[in-house]
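Here are some exercises to work through with the model open beside you. Try each task before reading its solution.

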Amino acid sequence: MTMLDDRTTAATTWPTAYPDGYAVVDVETTGLHHYDRIVSAAVYRLDSRGDIEDHWYTLVNPERDPGPVEIHGLTSEMLRGAPLFGDITDELTERLEGRVLVAHNAKFDWGMLAREYARAGRTAPVRQRLCTIALARELALPLPNFRLETLAAHYGVVQQRAHHALDDARVLAEAFRPSLHSAASDGVRLPLLECRPLTEWSDTPPAPRVGYQPSYGRSSWRPSRKRPPCPYPNPGRYEPGGQLKQGMRVAFSGDTSIERELLEDRATEEGLHVATSVSRLTSLLVTNDPHASTSKALKAASYGTPVVDEAAFTQLLGHVVPAAGTAAATATGGVPAPGRPAGPPEQRSERVEHVTEPGTDRGAAQEMLPGTAPASE
């Protein structure tokens, strides 16, 4: 894929409504929940046309267990001498202030930053955010999915250290620039969203109940969401020990540690069919309590439907095999490209963005800014 020809863009009139500058951000965290903490952060400052001005990176002592070390690679020993978030707020504020926050699944990064600022007794200096997943949708980019590495590959950007905040921010900055120029050239309104002041956050996880996942205690009922039909045929059942394939029908039962909608959004994004019930066509049931007497668990047992728990499912999501006949399948020979494991996603959706970005809080509902395009956040 060739990069956008800047000479063509330069010949056009740059939209006057576009922002004056951007801060491309990536944070690595101890998890995806409202009580999780940042363990590293990176910011690339870009000018109004997406040219890189400078970059900055820091480790952050989360004052707790670092979480998924197998994902971000940061151990307690590595973080013990790192600054607390309160120690870096001045420098971080200088880099964010007056700029649009740009991130891949921006609601997640914004939510984590806003909560960390609140814990430090400060207010995050961010007024607008732009999600590169939403922008990719606005541009109708021909992507098989919306992972960061997929967007990067589309623009010929080489990723060196996935889940390292500095490299992820670099990759995103380099992929954002041609996206921005393409939007300017085509007269596309940027999907900017307002970042409202944080009104609700928590420092601690909910008290666990014996025999339950951390999220248990909240009602498992939730209103149904209309999702677009899965574009891929059902390849059949999941083979235990194998990989998920695009088009597989996946059902969920019971409470999960990660918000159910985030898991469903990530599954949809990866090309899976999220089913509301279990039938003979169901490829896989995801549940943390396979012996529960729920209708889905009972039907799965009667049909012999394979069952995995949430942790296994989030690992499987990082390596979904493209559907036969797709461009991605042809390019990879049917072998999945390395993914960004969900749950903590991204997320995270990859962290996710269909989509609902992870890490949001109920008191921070966002609205479109006047004159901006609808975003898929």
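**Exercise 1: a strand and its neighbours**

In β8, the bridge partner of A251 is A275. The model is a predicted one, where local features need pLDDT of at least 70 and side-chain atom pairs count only at pLDDT 80 or more, while totals for chains, interfaces and linings use all residues. Residues are numbered from 1 along each chain as its sequence is written, and side-chain values use heavy atoms, leaving out hydrogens and water.

Task: find which strands pair with β7, and in what sense.

Solution. Start with β8 (residues 273-275): β7 pairs with this strand in the parallel sense over three bridges. Strands here are DSSP runs of E with at least two residues, helices are runs of H or I with at least four, and both are numbered from the N terminus; pairing requires at least two DSSP bridges between two strands. Next take β9 (residues 284-287), which pairs with β7 in the parallel sense over four bridges. There, L285 stands opposite A251.

Task: how many of the five residues of β7 are buried?

Solution. Four of the five residues in β7 (residues 249-253) are buried, meaning under 20% relative accessible area with a 1.4 Å probe and protein chains only.

**Exercise 2: two helices**

Task: describe how α4 packs with α5.

Solution. First, the geometry: α4 (residues 85-96) and α5 (residues 106-119) pack at about 125°, and their axes are 10 Å apart. The pair is therefore oblique, the class left after under 35 degrees (roughly parallel), over 145 (roughly antiparallel) and 65 to 115 (roughly perpendicular). Then the contacts (heavy atoms within 4.5 Å): F85, T89, L92, T93 and L96 of α4 meet L113, E116 and Y117 of α5.

Note on methods. Buried means under 20% relative accessible area, exposed over 50%, partly exposed in between (1.4 Å probe, protein chains only). Axes are lines fitted to C-alpha atoms, for helices over the stretch in contact, and angles run from 0 to 180 degrees between N-to-C directions.
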